[in-house]
Amino acid sequence: MALTKEEVQHVAKLARLELSEDEVDKYTVQLNAILEYARKLEALDTTNVPPTAHAFPLQNVMREDKVTASMAQEKVVSNAPDEEDGFFKVPRIV
Amino acid sequence: MKLYSKRAHELHELLVSKQVSAVELVNDVAARLEDVEPKVLAFVSQRIEDAKAEAARVDDKIASGETIGPLEGIPMAIKDNMCTEGIPTTCSSKMLHNFVPPYSATVVRKLNEAGAIMLGKVNMDEFAMGSSCENSWQEGTRNPWRLERVPGGSSGGSAASVAAGQAIFSLGSDTGGSIRQPAAFCGVVGLKPTYGSVSRYGLIAFASSLDQIGPFSRDVRDCAQVMNVIAGHDPLDSTSAPIDRPDYTSFLNKSIKGWRIGVPKEYFGEGIDAEVEEVLRKAMKTLESLGAELVECSLPHTEYALPCYYIIAPAEASSNLARYDGVRYGFRTEDAEDLISMFSKTRSEGFGEEVKRRIMLGTYALSSGYYDAYYLKALKVRTLIKQDFDRAFEKFDVLLSPTTPTVAFTCGDRLENPLQMYQSDICTLSVNLAGIPAISINAGFADGLPIGLQFMGKPFEEGRLLQISHAFEEATGCHSQMAPLKGGCEG
């Protein structure tokens with residue numbers, strides 16, 4: 001199941017990346033090499049093996065439902081590329 | 001006096017006995033930093049004047065008869081993926097080149113409270129993705145032992161700055177070896193703590209189930225001192241383990257007589273350079289002479305760690321890095337036509353090549369139709385790798401291996417071949433997948449380049465790793481050398 005150039009372009013779209021023709025060519029070759037290597041995992045029988053998402057899973061980590069101070073709005077937007085009246089500004093959507 | 005070549009615990013004695021002032025200390029290390037920085041290129045940003053002001057306050061404290069803590073007044077460096085309030089934190093990426101965090105990471109806050117003095121933020125592979133520190137938005141850091149070689153990565157600046165005397169200790173982060181591999185290449189001590197023992201609050205996320213912060217230092221005692229400050233539960237990190245932090249220095253100066261050390265055979269032989277193996281064999285003899293018993297063992301799924309890691313880490317990264325969209329912080333493209341093109345142009349212009357490669361890989365592995373074949377499969381293999389360690393630790397106190405299969409490689413050598421670059425982490429990846437702690441210490445040299453020895457331990461037994469590392473260090477004295485800053489690097 002080698003990855004085609006079209007699939008690389010599709011994945012780029014999913015990842016919100018705009019790739020040049022050169023990048024598509026390069027990534028197609030490199031991703032195929034990495035994925036081929038990853039297919040080494042197929043050799044292992046994992047039928048009855050449960051997946052591990054975290055090495056030491058902690059469950060239901062809760063805190064008391066209490067209102068505490070949060071970061072000031074001006075601090076929150078202080079790094080925004082574009083901002084107005086404490087809101088993030090983006091190009092027109094509709 | 002070359003204060004910059006001393007360790008934190010030695011400098012603490014000098015400060016307490018008033019033989020040296022904190023201002024003199026900061027001046028000395030800052031002068032060294034400036035002197036060698038054109039060769040080493042370890043720093044992304046510096047704050048020398050602020051550091052001097054902080055040192056003056058430590059001197060006031062000493063003068064007024066107050067006691068100072070073990071790290072108080074000690075100059076340090078912080079990897080540029082840990083948030084520092086009011087001080088730029090770039091992840092060595094164009095994407096965050098203008099990001100000034102409105103808060104500090106828990107580890108930074110704790111070190112500030114302990115009185116350690118930050119001289120600056122240090123270089124890394126962009127978003128911690130890389131093994132050579134060459135994937136930085138700015139120029140790659142060099143290895144202080146030989147300047148045409150890489151310092152390792154991703155925490156290359158953290159390792160190089162400590163090896164070159166530009167900081168007394170530093171913090172790095174380790175997702176697949178990013179503390180231990182550069183520590184080995186630069187001949188310093190680097191500890192990756194158990195997943196959950198050090199808070200990740202304020203660490204810019206790469207792969208959240210694998211990332212862990214840890215110290216770099218020039219000896220094991222300093223490593224223990226830094227752990228005493230940074231480890232412990234943090235309510236701001238829900239993956240932080242609710243455990244009591246021991247006094248890590250209480251494990252030092254203790255015998256390892258009767259310890260059983262497992263030597264996994266998969267970490268030796270094919271793929272490991274002969275010179276590395278030779279130094280390791282010698283280290284094993286030293287440990288035997290200290291009364292430990294070394295027994296060959298097997299971690300049978302070791303060969304699957306690399307493919308497993310390079311599915312899981314990029315998958316988590318592709319999800320974590322989705323937040324860089326040019327809306328709330330960081331870089332934004334200048335020629336957006338609409339919202340969607342703003343997202344994709346911002347990301348294409350803001351991320352470097354390796355970061356994009358991993359986002360692509362992770363997005364593919366998580367995409368509809370491939371999720372089971374790649375991501376779920378890798379999570380299952382991760383269970384098998386973890387079980388290998390569980391079984392080994394039923395029989396052994398610690399496991400021993402080389403930290404890296406080779407000594408530091410030459411700048412530029414592996415940039416065009418990602419798989420070859422990934423291979424330099426084959427001895428360190430399994431530890432992150434299993435979540436266990438591991439330390440790299442210098443075990444010797446080949447042709448003037450340092451070789452690292454890795455001890456892997458049971459979850460939350462960093463203390464035992466420090467105990468055996470300290471015993472080894474005391475027996476060999478390998479730690480007592482400063483990097484010579486020889487050679488030159490072209491390009």
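Analyst: In chain B, 11 strands form an open sheet with mixed pairing, in the order β1-β3-β2-β4-β6-β5-β10-β11-β9-β7-β8. Its edge strands are β1 (43–46) and β8 (293–297) of chain B, each of which pairs on one side only. From one strand to the next, the twist averages 30°.

Some conventions apply here. This is a predicted model, in which local features need pLDDT of at least 70 and side-chain atom pairs count only at pLDDT 80 or more, while totals for chains, interfaces and linings use all residues. Residues are numbered from 1 along each chain as its sequence is written, and chains are lettered from A and ligands numbered from 1 in the order in which they are written. Helices (H or I, at least four residues) and strands (E, at least two) are DSSP runs, numbered from the N terminus; two strands pair if DSSP finds at least two bridges between them.

Within the sheet, β5 (residues 189–192) and β6 (residues 212–217) of chain B pair in the antiparallel sense over two bridges. There, B:Gly190 stands opposite B:Phe216 of β6(B).

Helix α7 (residues 220–230) of chain B packs on the sheet, where it touches β4 (169–174), β5, β6 and β10 (438–446) of chain B. Contact requires C-beta atoms, placed from the backbone, to lie within 7 Å. The direction of α7 makes about 145° with that of β6(B); axes are lines fitted to C-alpha atoms, for helices over the stretch in contact, and angles run from 0 to 180 degrees between N-to-C directions. Helix α3 (residues 48–63) of chain B also packs on the sheet, touching β1, β2 (75–79) and β3 (117–122) of chain B. Its direction makes about 160° with that of β3(B).

Terms used. Contact = placed C-beta atoms within 7 Å.
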